[in-house]
Amino acid sequence: MSNLDRFIHNPLLQRRQLLKYGCAAVGLTTATLAWQQLKPQAAARIPPVPANSPMMGNTFSPMQTLRDFDYGTVKQENGRTVREFRLVAGNTRLQLNTAVSFNSWNFNGRVPAPTLRAKAGEIIRVSFLNRAGHSHSLHFHGFHPAAMDGIRPIRHNTGTVYELEAEPYGVHLYHCHVAPVTRHIGKGLYGMLIIDPPEPRPPADEMVLLMGGYDTNDDGKNELYAFNGVPNYYMMHPIEIYKDQLIRLYVLNMIEIDPAVTFHLHANMFQVYPTGMTLQPTHATDVITMGTAERHILEFKFKYPGEFMFHPHQDLIAESGCMGAFKVI
């Protein structure tokens, strides 16, 4: 049965299954505990993620990537909170599907790179080491001095330290800025940076979805696409969420070559927080258009159990791997 055929006959979960997942919800996930390190608050109901989530032949699991926030190592210096992170550029063979593998350039051995997270007003310090065989760098979106702009190439087997203030709050990104930038990003050198506002947002089941494209034959066109690194992963392994639980998606379009894509959610509407830089939504919709490097916070709840797709509304891109589903339980 194909991924699409699974949705033609989709019975609701039986009462026994609902009870099973309800009991499992008592535990806090790693993501929830990490958020409480910033400020304690009531926990959202988040289904437990199996420790042995399928990796599809890779060294990382997109199911773990989904709710994996790196809060760094925290220290105090001169009355300021400093969050220290470590990123290493390298090369990893990605298994995109059963037939296609891809030589990725990446940070910390995964595509996308770790999702770095800090609070507005803190200091972000990133130790960067290049072990990839090519010159690379780290360019952060947001405010920072010119010396920290990341346009200077860092040669193989050398490193540097980037330090910037966490501002403004919102959803940002980082990526290699060595020319040709399209190739370096297309090979996998990108990640998300979340800067939380001074007062936390309401509790929610929080997830990151980064859209990427793969030019697998160097013809200047993307042949495959993916959410969080692996094409069709969330179609083969739907994301479990709880009915009536607030979901907060941090969505980033990092598809190079294609000028813009949309994000569409089935059977629902989401509230839009543009670039994550507002505390109130600007509007509600079920489809939003994003150019490369554009990002937003999208919030919603599902009131019906079952499986519901999400994907770009460009069918060719969706059918080439950029498709997933939520399993509402």
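His139 stands opposite His175 in strand S9. Strands here are DSSP runs of E with at least two residues, helices are runs of H or I with at least four residues, and both are numbered from the N terminus. Two strands count as paired if DSSP finds at least two bridges between them.

The structure is a predicted model, in which local features need pLDDT of at least 70 and side-chain atom pairs count only at pLDDT 80 or more, whereas totals for chains, interfaces and linings use all residues. Residues are numbered from 1 along each chain as its sequence is written, and side-chain values use heavy atoms, with hydrogens and water left out.

The protein chain has 6 helices and 21 strands. Of its 329 residues, 53% count as buried. Buried means under 20% relative accessible area, exposed means over 50%, and partly exposed lies in between, with a 1.4 Å probe and protein chains only. The accessible surface of the protein chain comes to about 14,300 Å². Carbon and sulfur atoms hold 54% of that surface. The areas come from the Shrake-Rupley method with a 1.4 Å probe; for residues, only the protein chains shown count as cover. Contacts (heavy atoms within 4.5 Å) were also counted. Among those in the protein chain between residues at least 6 apart in sequence, 71% join residues at least 24 apart.

S7 and S9 belong to an open sheet of 5 strands. The order is S1-S5-S10-S9-S7, and the pairing is mixed. Strand S1 (69-70) and strand S7 (139-140) are the edge strands, each pairing on one side only. Strand S5 spans residues 115-119 and contains Thr115. Thr115 is buried, with a relative accessible area of 2%. Leaving aside residues up to four places away in sequence, Thr115 touches Asp68, Phe69, Asp70, Arg110, Met192, Ile194 and Val208. Phe69 also carries a charge over its ring: the charged end of Arg117 sits 4.7 Å from the ring centre. A charge sits over a ring if NZ of Lys or CZ of Arg is within 6 Å of the ring centre and within 35 degrees of the ring normal. Arg45 provides another case, with its charged end over the ring of Tyr242 and 4.2 Å from its centre.

Further pairings involve strand S21. Strand S13 (residues 239-241) runs parallel to S21, joined by 3 bridges. Here Glu240 has Lys327 of S21 as its bridge partner. S20 is joined to S21 by 5 bridges and runs antiparallel. Phe308 stands opposite Phe326 in S21. Of the 5 residues of S21, 4 are buried, so the strand is largely enclosed by the rest of the structure. In a regular strand, side chains alternate between the two faces of the sheet.

Strand S16 (residues 270-274) has two antiparallel pairings to report. With strand S17 (residues 283-285) it forms 3 bridges, and Gln271 has Ala284 of S17 as its bridge partner. S16 pairs with S19 over 4 bridges, again in the antiparallel sense. Tyr273 stands opposite Ile297 in S19.

A search of the whole structure finds 17 aromatic pairs. Rings of Phe, Tyr and Trp (its six-membered ring) pair if their centres lie within 6.5 Å; planes under 30 degrees apart count as stacked, over 60 as edge-to-face and the rest as tilted. The rings of Phe300 and Phe302 have centres 5.7 Å apart and planes at 85°, so this pair is edge-to-face. Both residues, Phe300 and Phe302, are buried. Phe302 also pairs with Phe326. That pair is tilted, at 6.4 Å centre to centre and 50° between the planes. Phe302 lies in the loop between strand S19 (295-300) and strand S20 (306-311), and Phe326 lies in strand S21 (residues 324-328), so the pair ties together parts that are 24 residues apart in sequence. The relative accessible area is 2% for Phe302 and 0% for Phe326. One aromatic cluster is formed by Phe227, Phe263, Phe270, Phe300, Phe302, Phe308, Phe310 and Phe326.

Cysteines were examined for disulfides, defined as pairs of cysteine sulfur atoms within 2.5 Å. By this rule the count is 0. Cys176 is buried, with a relative accessible area of 0%. Cys322 is buried at 0% relative accessibility.
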